[in-house]
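These are my notebook entries on one protein chain. I set down what I looked up, entry by entry.

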Amino acid sequence: MVDIKLQHVRRAWVRLGLLLAVALVLTSGSWAAAEYPLGAATSMISVTPTAIPLSDPEIVNPLRGFYRWYGVEGIPQPRPSYDHYLRYTWRELEPSKGQYDFSPIERELQAARAAGAKLAFRVMSINNFGAAVEVPEYLRQEAGGSYCSYGGKVVWVPAWDHPQFLERARALMQALGARYNGNPWLGYYDMGIYGHWGEWHTNGLCTPPATAATKRALVDIQLAAFPSSRVLMNSGGPEVDAFVYALGASPRVGVRVDSLCDPWFDQQFTAYPAKLAAMRDRWKTAPVVSEYLGGGRPNLAECDRQVQTWHIAAVAGGNFGAWSSYSADEQAQLITIGKRSGYRIQLNALSYPAVVTTGQRFSIDSQWSNVGVTPLYEQYAVTFQLHQQGTRALVWTGVSHLNLERLLPTTQPQPVSDPLMMSDAIPAGQYELNLVVRDPTWYRPPLTLANTGRDSVGRYPLGTITVSPGVPREKVYLPGLTR
């Protein structure tokens, strides 16, 4: 009697071991070996999408290519940009001490939302394109400063190191952070406050620059105000310490460079080894955003080289002169600069089983390339969807583990194998299988791949798939365990 019981136990453990071994096989993905439901053989359907060449019209996607600069999108695109950028002076945001007026930001934020875009902005203490004094009048009196001549205009330069300047800068940033930190419609905050146009340099001014301690304090104040939002640090021209300090705070701190097409773009890094070391690989984790130097016609060949060398994500759609002043060849070059910037995600190949069984695992295997110069800097989920044929009725969703934020520019397609489970609740039948790369917050529209075939709602049809009913699974009971 004891031997019979032991035999039953041994058989049960052997059966459980086999089931666990099969489960391990089913949950480990491999590009070379497709996964199938238990004991079943099925044919695979292969999909080879068509790539969109660089010579085709621009692919407009978030945080890449040309962005809306000060309300200007001077380079023709298939659709308006998903990203807007502006700068505000401290004086307009705080007209009197402690009384903040963020209505200028609110108006632009609402305009961006209405366009399906996000807004990025910077705050300036000096702007020689505007008024002489761009800090609040109370701060000019309490913290002091000096009038300087710059660019043929008179500008007020605050006393950067005065305790009151830092205290009121902290108060302003705390108010901005309380309002906009983590805001889903804020693309990024561009750290400013210090230097010409908030660009962290004071060349040509009649007063000395701030101390390293003051500049670091201004970095800390702004980073603390936006802990949940993307933040960019300006290249700062010859500024080294504050730039290196800001980038050292987090790998997610990006870079803003306002001198594209000029040799100074390269020199402000190559001439300062510490900056170059901090900058060299920053594009792998955070965006490098730029705009043209302005004040003349850009050297288009130099622009194109810099975009590729420095892995620039996005370029201003303005500040390059009148579009009509360029020849047809030059206009084509300008458009190509935008196309080369940022990411360019391609689905190279995909295979899936022709038949899947409810309640069983199956695998979708795919190969992906990034033929751009940066990864994606926002979260998007590569999602597989089953729809009832001829309708938009969604019946099942599976999410790939492919992380597009880590898909760096590739020379060879990257294989991905996604083990998925077909729900028991899906009725047997034939369905349409689609792929969509979606924003988990549902604010951004589905991402456009560098592939043809995108439908009007952002899906890429892959083909049909048959769902068959599953068979009841044999349950394993072990003596002494609760049934």
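**Basis.** I worked from a predicted model, in which local features need pLDDT of at least 70 and side-chain atom pairs count only at pLDDT 80 or more, while totals for chains, interfaces and linings use all residues. Residues are numbered from 1 along each chain as its sequence is written, and side-chain values use heavy atoms, with hydrogens and water left out.

**Whole chain.** I looked up the secondary structure and found eleven helices and 19 strands; helices (H or I, at least four residues) and strands (E, at least two) are DSSP runs, numbered from the N terminus. Of the 483 residues, 51% are buried, where buried means under 20% relative accessible area, exposed over 50% and partly exposed in between, with a 1.4 Å probe and protein chains only. I then checked contacts, that is, heavy atoms within 4.5 Å. Among those between residues at least 6 apart in sequence, 74% join residues at least 24 apart.

**Cores.** A nonpolar core is a set of buried Ala, Val, Leu, Ile, Met, Phe, Trp, Tyr and Cys residues joined through side-chain atoms within 4.5 Å. I found 90 residues in the largest one, where F121, L176, F226, M233 and Y292 have the most contacts inside the core. Helix α5 (residues 163-180) gives the largest share of this core, eight residues. I followed F226 beyond its neighbours within four places in sequence, and its contacts there include F121, M173, L176 and Y180. A second, separate core has 33 residues, among them L347 and V382.

**Disulfides.** How many disulfides does the structure hold? I counted two, a disulfide being a pair of cysteine sulfur atoms within 2.5 Å. In one of them, C148 is joined to C206, S to S 1.8 Å. The torsion about this S-S bond is about -80°, so the disulfide is left-handed. C148 lies in strand β5 (residues 145-150) and C206 in the loop between β7 (186-190) and α6 (212-225), so the link ties together parts 58 residues apart in sequence.

C261 and C303 form a disulfide with sulfur atoms 1.7 Å apart. I noted 105° about its S-S bond, and this link is right-handed. C261 is in the loop between β9 (253-260) and α8, and C303 is in helix α10, so parts 42 residues apart in sequence are tied together. Both C261 and C303 are buried.

P263, F265 and D266 of α8 meet E302, R305 and Q306 of α10.
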